[in-house]
Amino acid sequence: MSHPAFEHLRNHPVPALRLEFQEYRHRATGARHLHLAADDPHNAFMVAFLTVPQDSTGVAHILEHTALCGSQRYPVRDPFFMMIRRSLNTFMNAFTSSDWTAYPFASQNKKDFNNLLDVYLDAAFFPLLDARDFAQEGHRLEFAQADDPHTDLLFKGVVFNEMKGALSSPTQCLSQELQQRLFPTITYHYNSGGDPEVIPSLTHQQLKTFHARHYHPSNAIFLTYGDIPAAEHQQHFETQALNRFQALELDLAIPNEHRLSTPVSDLIHYSLDGVEDLSEQTHIVLGWLLGPMTDLLATLRARLLSDVLLDNSSSPLRHALETSELGSSPSPLCGFDAATRETTFVCGLEGSDPEHAAAVEALILDVLQQVAAEGVPREAVDAALHQLELSEREITGDGFPYGLRLLMEALTPAIHGADPLPALDSGPLLEQLRTESRDPAFIPRLIRELLLDNPHRVRLTMAPDPELSVQQAAAERERLATIRAALSEADTTRLVEQAQVLAERQQRQDDPELLPKVGLEDVPPDLKIAEGTVQPVGTLPATWYAQGTNGMVYVQTVLDLPALEREALDLLPLFCACLSEVGSAGRDYRSTQAQQAAVTGGISARANVRGGVDDVHQVKGVVVLAGKALARNQGALSELLWETLTRSRFDELPRLRELVAQMRAQREEAVTDHGHMLALAAASASMSPAAALSHRWEGLQGLRDLKALDDSLDDPAALAAFAARLEDLRERLQQAPRQLLIVSEAERQDEIATALATHWRDAASPIITPFSLAAPEASPARQGFSVNTQVNFCAKAYPTVAPNHPDAPVLHVLGDFLRNGYLHRAIREQGGAYGGGAGYHPDSGAFRFYSYRDPRLADTLADFDRALDWLQEYDHPARTLEEAILGIIAAIDKPGSPAGEAIGAFFGTLFGRTPEQRRTYRKRVLAVTLDDLKRVAVHYLQPEQAHCAVLSNARTLAAQPDLSIITV
């Protein structure tokens, strides 16, 4: 059944995903509605528009932000963030891609879902687009002291600073520059997120015109997933938005790019501060423009070719890149990309030098020529097909709701007018691909057609420039000085008045009751937690969870950490990273990688150390060896896991050298994307043993240690010693007590148990000396870490209590309360940071403040303190407490994938977070009072207890004399 305003086009069952695909068209406007009907109360929604900017002003991105700043039915200043507080959503966001803008959310509560649907529809189709919100979210000119025209003139704006932070990443910069050259004439030539040098040229009128042209139902796709019937959604679409529109003739379709007749090459530079030796810091990539992604079979062929060439270390092109002396590791851009209407394929190296550009190109082309001439083993193609099948079957949802993932897969072809059904029901296409691939000439033919005989190829070399950031900063100052020199007295007065008007708007308290809400009465009475059963395999303890995994099997071996000296403990994350990447059972690493790809969905190892629920200084640690596979391959998975643990090889020294270089490159690349997490880890490192270890393992101290190790391994003796230490650690862990965790469908468990018993029968000897950690070392109270960034990441931490302390839930609620009521306005809206907040961190027993991609430093740290003053000095309505509690409950109750929920429940119990403990904690959250918040803030958040850590560039840190500076 459909709503009368919609024409029903087709239904199609998709048994592999346990849903029905339904397609509709709005009669009056032509708007499309794709509904994925599933027996799942975790409903999801998305409305998306084809958006095709013709410049790098960031108009689509700034519009995405500004549309969420108030609408006709909901004329409040910040309905998006206000609804986050008044909702039990499992996901709320908005995305700007290179050619579409989407507004997605998900919720398990039907009342909440419909509340969010009304707000989202009004925001998308009837936003206010207030000039003040454009100035806040996009860009504005403002004096450093807003009311003092004698201070410096600055560019400000949330998106302006967000994009400065994004383009601090060399990988982001390389990706954008390569796309610009692969697409010289159409919309992808431009940075849809916005180039900070161009963003200030966007006008408010241009933003409004872009909305009128692009955000029309005739250019819209509505996508829904779950158990709410399509007709109910359509009733909302029609009454809340669509009945106010008529069809509009639009010509937004993206044309094909003009094809290059010969390959081109170019040299560009990126900013690299504080590095004297610029050798081995260059990126060299080759990019090809392929065919339209609307041809889904051709797209699948290209993806298969990419996997055959690059999927793992046994793949011919990845092997050549990993073992080449021309660079340190394969480029993070390597692979096939269908994010643009015409797809691309990229490969190359990082950690190279500019003079190697021609040699890198020759290396890649030689490998392609060789594969085109000799083909690849049948097993390699079968393994790539297996990986495609596995990715289609697995039910995800631990970080991003599963329903939304399916909607995203449907959106990509649908936005360009292609049939979205094959993107969801890929079985027929996979069968056709499997048939085609039986021809030995299939892969060689694809290589020639898509790559070797395709002249639309770009070689891009991106070299470091230690002066570039200084030059960019000087150019911005000069630009502002030119603007300032041209300001009349009236212009100056207008800027001061504009800042005052914006500040008044930011301080204005809107009536939140204009927005719909759920309340504490809508919170489910209980927390759903997956339940397992204990049934040993031989004498080996094993916990089994029966979950709807859609034919997938998950097996994890959990080893209790023995007592380890500091050197071995610091080696542990490197050991885990290498364990599944080296050879095993007499095979070399390439053969082992090929076997993993042929029969599993991946094998990985990780170390996990957490503080106790009653005392964060009492720790427990485990190493986990995990794998997943299609049910038909569960026996092979069990055998591979056993071989990985007991017969892994650390004698392939060149492989170990490559792996460490790759780890370093990946960690360095991640700094600007995760800067706030690194700052938080540093700020809280002295507050518990587990927090100190986190800083040494995943934090900035770990990165510094990894760089020192990488620099040392060019010495053959050091490399051999490193390998010996890894083997020694493997032998020690092999003797540790262990247990198994298995997640699968119930009917498969007997068969799995039989397969596991072949190897996993006996428990190891008990540990004589249990694992423990020393008290954390003292660290400076104020630290500054010098990294390559144009923006800042700030953190402040206070020691508090363990999770079972009665004040822990209060501190948890306090974080959301401070973010909602003060920090969001002060740090994001007024300060211009992309994000900021506060929260209780149970593993470190710390309460922590943070900011993300922040133009400020000292003022942000001061705002953290002012938030505590605001808490004590002002009266707070009861609803603000309810909103903070709702946010915490929504996070606690957020569902994961079937496998993820089981795995989370198991490890929760292992570390003392039993179902009883989790439910008791949740009840305590619901009982928190305003007086509790004020009490714990006074008791625990004392200035003399605080530790600060900031990430910034050397120039900014040099102006902060109270910081202890550490170069990363």
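This is a predicted model: local features need pLDDT of at least 70, side-chain atom pairs count only at pLDDT 80 or more; totals for chains, interfaces and linings use all residues.

A: Start with G839, whose bridge partner in β26 is R848. That pair belongs to a run of seven bridges between β25 and strand β26 (residues 846-854), and the two strands are antiparallel. Strands in a sheet are held to one another by backbone hydrogen bonds, in either a parallel or an antiparallel arrangement.

Now step back to the sheet around them. This open sheet has six strands, in the order β25-β26-β24-β27-β23-β28, and its pairing is mixed. At its edges are β25 (835-841) and β28 (964-967), each of which pairs on one side only. On average, neighbouring strands here are turned by 15° against each other, with direction ignored. Across β25 and β26 lies helix α28 (residues 808-830), which runs at about 170° to β25.

Five of its seven residues are buried, so β3 is largely enclosed by the rest of the structure. Strand β2 (residues 19-26) is joined to β3 by seven bridges, and this pair is antiparallel. Within that pairing, F21 has L36 of β3 as its bridge partner. Five residues separate the two strands in their hairpin, where G30 adopts a positive phi near 85°. Strand β3 also pairs with strand β10 (residues 220-226), this time in parallel and through six bridges. There you can find H33 opposite F222 of β10.

Terms used
Residues are numbered from 1 along each chain as its sequence is written. Side-chain values use heavy atoms; hydrogens and water are left out. Buried means under 20% relative accessible area, exposed over 50%, partly exposed in between (1.4 Å probe, protein chains only). Helices (H or I, at least four residues) and strands (E, at least two) are DSSP runs, numbered from the N terminus. Two strands pair if DSSP finds at least two bridges between them. Axes are lines fitted to C-alpha atoms, for helices over the stretch in contact, and angles run from 0 to 180 degrees between N-to-C directions. Contact means heavy atoms within 4.5 Å.
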